[in-house]
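Dear colleague,

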Amino acid sequence: MEQAFIRFEEVVKEYVMGEVHIRAADGVTFSVEKGTFTVIVGPSGAGKTTILNMLGGMDSCTSGRITVDGKEISGSTRRQLTDYRRYDIGFVFQFYNLVQNLTALENVELAAQICRHPLDARQTLVDVGLGDRLNNFPAQLSGGEQQRVAIARALAKDPKLLLCDEPTGALDYVTGKQILALLQDTCRKRGMTVIVITHNLALTPMADKVIHIRNGRVSKEEINTQPVPVEEIEW
Amino acid sequence: MPSHLYTDLLREIRKTRRRFLSLLIMNMLAVGFLAGLRMTSPVMRHTVDRYYDRQALMDVRVLCALGLTEEDVEVLGQQDGVLSAEGSRSFDALAGEQIVTLTDIPDRVNLPEVLEGRLPQAPDECLTEQAVLDALEIGIGDTLTLDTSDARAKNGGEDILSGKTYTVVGTARSPLYITMDRSTTSMGAGTVRGFVAVPKENFTVDYYTTAYLKLEGLEAWNCYTDDAYEDAVDDFIDRLEPLGRERAAMRREQLLRETTITDMMAQMLSSGLSAVDLGNAKWYILGRDTVESYLTFSVDSARMSDLADVFPMIFFLVAALSSLTTMTRMVEEQRGEIGSMKALGLSDGAVSFKYLGYALAASLTGGLLGLAIGCTLIPWLIYYEWTQLSYLLPSAEFLLYPSVVLYSLGLAVLATAGAAWAACRSALRAVPAVLLRPRAPMPGRRVLPEYIPFLWNRLSFLRKVSIRNLLRYKKRFWMTIAGIGGCTAILVTGFGLRDSIFDILRWQFDEVTVYDAEMGIREDIMRSEQVNLEHFLAGMPEIGDSLRCRKETVDVIADTAGSRKQVTVENVTLLSFSAAEAERTEPFLHLQPAADGLHRDGAASLSIPDNGVLLDEKTFELLGIEPGDPVILRDSEEHTYPAVATGGCENYVNHYLYMQDGYYKEVFGSAPARNTMLLRFSEGPGGTGRLSAEEQDALAQKLVDQPGVQSFSRIDSMRTRFEASMGNIDAVILLIIAAAAALAFLVLFNLTNINVTERLRELATLKVLGFYDGETASYVYRENIFLTLLGTAAGLFMGRWLHRWLIHTIEVDYLLFGRTIHPKCYVYAAVLTMLFSLSVNVFSFFYIRDIDMVGALAQKQE
Ligand SMILES: Nc1ncnc2c1ncn2[C@@H]1O[C@H](COP(=O)(O)OP(=O)(O)OP(=O)(O)O)[C@@H](O)[C@H]1O
Ligand SMILES: [Mg+2]
């Protein structure tokens, strides 16, 4: 059997706070195929962010195995993890996290300059619909526009894997939809593997795969053979 | 006040313990240093005053060239305001080879404090000083034999002491002699080693040399700091003058009847006073301020106090500025939280509680710690250094002025908590909604360099960010520059001060007054004696060269026809040479043009003018005159003579005036009588070096034995005395340098810490993007390095200015400190600052490396 692009095998993340042990991830197992669009859903506190952070090389797991494209992430050194984030991962946060003192274009270029084969920063911004706002500072952009810059920044690195933690959490309905469409588009057009965390169960039809998380475990995995473009979903 | 606010405060302190600690330590340093230095001089004076009180140091002494009788002392004891009066005898004597002050053991005044052993009980026991025992190489229990032939000769051949051999039963120190250094005597050569005190009954003379008085009710005052003390003593002295005249007259008559007493005796009685005869003998009624060691201490502690006045203030300002920055930025960082608290409906007071509490906790704890450490350690350390070097004093007694505590602690709290309060107020004035929204970062403003695309486009993004960060936040920029610059400036000043003070001794004695010794010649020396003496000198292999001159002490007054203020420089040593001698001064005196407190090797030398007087640089400066200006010379008899000052010459210690005999005659109306010979030692056997101390002592003895020679003094001993006095300052300066270094380190640490915390989110973002640790850290470093370089450069300039100002403040009249800072001081200060910056950056590297990306990015952007 061919190895899946992403594999989580019995991954455990335990936080120890004095006497209390919190298992944010309690034996998570799932896999994701290359070039697919995956949505992770679950109630608040279920462990979604924890899983994504481990997958993104920002946090380590307590036990279990995480492999991405045949490389084992779970056993990597700090340096290897940094390289992994640098070359393989694009991350989009709920709160954009742009560098305030750089313009939109510079924020994207900042990420591009450390990659081996970056996309053209200007073009990426044009692609996310910000061609006329290149020289604006984050403070001059709306939330949705900032999030697009953040996505452009992630995309410009041309990563193998795009991870988004509630990218629409701080946005209104329409803007949120545009952002999701942009992500879905990216996946389809570039064949990039995209994983998105959301609270919104209504969004599940747009994904190739939906992973339900509950109490730190995968409670259900669904596969949509016919994913719906996000524009057609109403919630 | 909701109790959770306390919890919040405590958590905040724990969470930001680096910031809290650096704030606390900064306050500790500032308060400790300020209060400690300020208290040093009071502690020193307090300790010494208490010592004086315990040992009943005399308040007034009465000297008379003719001696004082038992009855004189009795009458003195009956005067109003006199607590006790005691007659005392003291003579120069020899113990072995050593010159000692032979004195009696007092019962009521000037009590010696026994350090080892006990007070004499039998008549043939004596008390002395450790220095005497060391010089004689004997110990307690051994005997010493006194040779009083000098005093006998001066007493008309009658001996003054019955027993000559004494058993040493103890060592002591006396409040009359708190300095290790003693005056030279008219007897023989060399200096007095110390005192030897024997029971009174051993003396065979019927008169006292001095009467010591202790006045009533003066112990409550500190004799060094309370004017009331001096006023009371002056008052008493004035009241005593008539009695003095009356008693002196009686004594004169009595002596005229007894013919055995000679002129010689009078001389002996008044060591220090010039020769007297029966005709002008009178009572000298003097206060403590004529006691040499009392004065030395007074001058030294005053210098300490000057230094403590100015310097810590600068230090304090730098620390306060840094605390202020820290608090302001802390409040700004937490605008969001302030907003939500306000939105919750908490009162302004409740919201400010956390920040004010934080500031108060840091500044009060730090300040109190600083007081506890600073006010004990600093005075103790400095006092200890002092007493070690040149004083014989008991250990420090602590004292704390509430005023010093209040203002040092008050200023620190005000700076820190005041900043927090001000920042809170401005934040609270805004409506919650504004606070909750991220602070608009001056939208879209581009900084200047961006308009130079040629340069700008070549910069990496992180450089661009750094430049924008630097230029956009002007307040932060200037505060950082001021903080770092202040530290560098303090370091420059500290190092510079040290050189300024120690250079001048080297320059003065190695470059300016390069002769080795001075010999006092009787003015009425006979021609044949003079010829013999010169022969004798020529025959001595140790003496290389000699030069005759006239030496006297004058006051120089600026002749200010126009202005109302008259400036007088007192105690200027006048040296007058004949025209032929003036040609030959070069090997004895290197007179170079004044160069504002900087020695220049190989500058052209000045010759002594024949139509005016050449003054030292400092006198010239104090008088505020120009070359060619008239001055007035005032001699010891208060006669004044107009003269012309031709210019100033390089000189650092004491005041000098050089002139030629021809002009002397023109000014004073009479030809100068020769009374001094300047000597240069030869380069020693084989030209290898100068004379050793023993050789010099032997030489001195040989010289003073020559007819016509009155005294002999080595320049070296003056140098040693100055060095000891300056050495006292060294401890203070080293302390200043150490404290400045600690402060510099803290300020840098604090600034870097603030930078890192403020950028936490950006740093985490960079890490998520995959920047390596080094790349991430350099994001902060670049700014730090730039600010450090700029701050250091600014600090070097500030230091130059601060140093000059400080020198002017602490310089005493008779010294000219070096005014120019050596390049090496700048280098030290700059290197130290950068070294600190570097080590702080190394620290922060680990901090940055361990930033928790997840934690930092999980929060909402502010
Ligand atoms: N640093 C931490 N220390 C202790 N517990 C933590 C830590 N981070 C997360 N947790 C706990 O782990 C659990 C999972 O957290 P996680 O952030 O992954 O949830 P989530 O599914 O992303 O929730 P949400 O939808 O609200 O973002 C929670 O119970 C949380 O309290
Ligand atoms: Mg989450």
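Below is what was found, beginning with the domains and ending with the surface.

Please bear in mind that this is a predicted model. The domain assignment of chain B gives domain 1 (96-203), domain 2 (473-502 + 718-862) and domain 3 (517-689). The C-alpha centres of domain 2 and domain 3 of chain B lie 47 Å apart, and 14 residues of domain 2 of chain B are in contact with 13 residues of domain 3 of chain B.

Turning to charged side chains, the search of the whole structure finds 52 salt bridges over all chains. In chain A, A:Arg23 meets A:Glu14 in a salt bridge at 3.2 Å, N to O, and A:Arg23 also meets A:Asp26 in a salt bridge at 2.9 Å, N to O. In chain B, the side chains of B:Asp59 and B:Arg288 form a salt bridge at 3.2 Å, N to O. B:Asp59 lies in the loop between helix 2 (17-54) and strand 1 (60-68) of chain B, and B:Arg288 in the loop between strand 11 (283-287) and helix 8 (292-333), so this pair ties together parts that are 229 residues apart in sequence. Both B:Asp59 and B:Arg288 are buried.

As for the surface, B:Leu369, B:Ile373, B:Leu377, B:Trp380, B:Leu381, B:Tyr384 and B:Phe398 form a nonpolar patch with about 610 Å² of accessible area together. B:Leu369 lies in helix 10 (residues 348-390) of chain B and, at 37% relative accessibility, counts as partly exposed.

Conventions:
Residues are numbered from 1 along each chain as its sequence is written. Chains are lettered from A and ligands numbered from 1 in the order in which they are written. This is a predicted model: local features need pLDDT of at least 70, side-chain atom pairs count only at pLDDT 80 or more; totals for chains, interfaces and linings use all residues. Side-chain values use heavy atoms; hydrogens and water are left out. Patches are made of residues with over 30% relative accessible area and no salt bridge: like charges are joined within 9 Å, nonpolar side chains (Val, Leu, Ile, Met, Phe, Trp, Tyr) within 5 Å. Accessible areas come from the Shrake-Rupley method with a 1.4 Å probe; for residues, only the protein chains shown count as cover. A salt bridge is a side-chain nitrogen of Lys or Arg within 4 Å of a carboxyl oxygen of Asp or Glu. Helices (H or I, at least four residues) and strands (E, at least two) are DSSP runs, numbered from the N terminus. Buried means under 20% relative accessible area, exposed over 50%, partly exposed in between (1.4 Å probe, protein chains only). Domain bounds come from an automatic or database domain assignment. Contact means heavy atoms within 4.5 Å.
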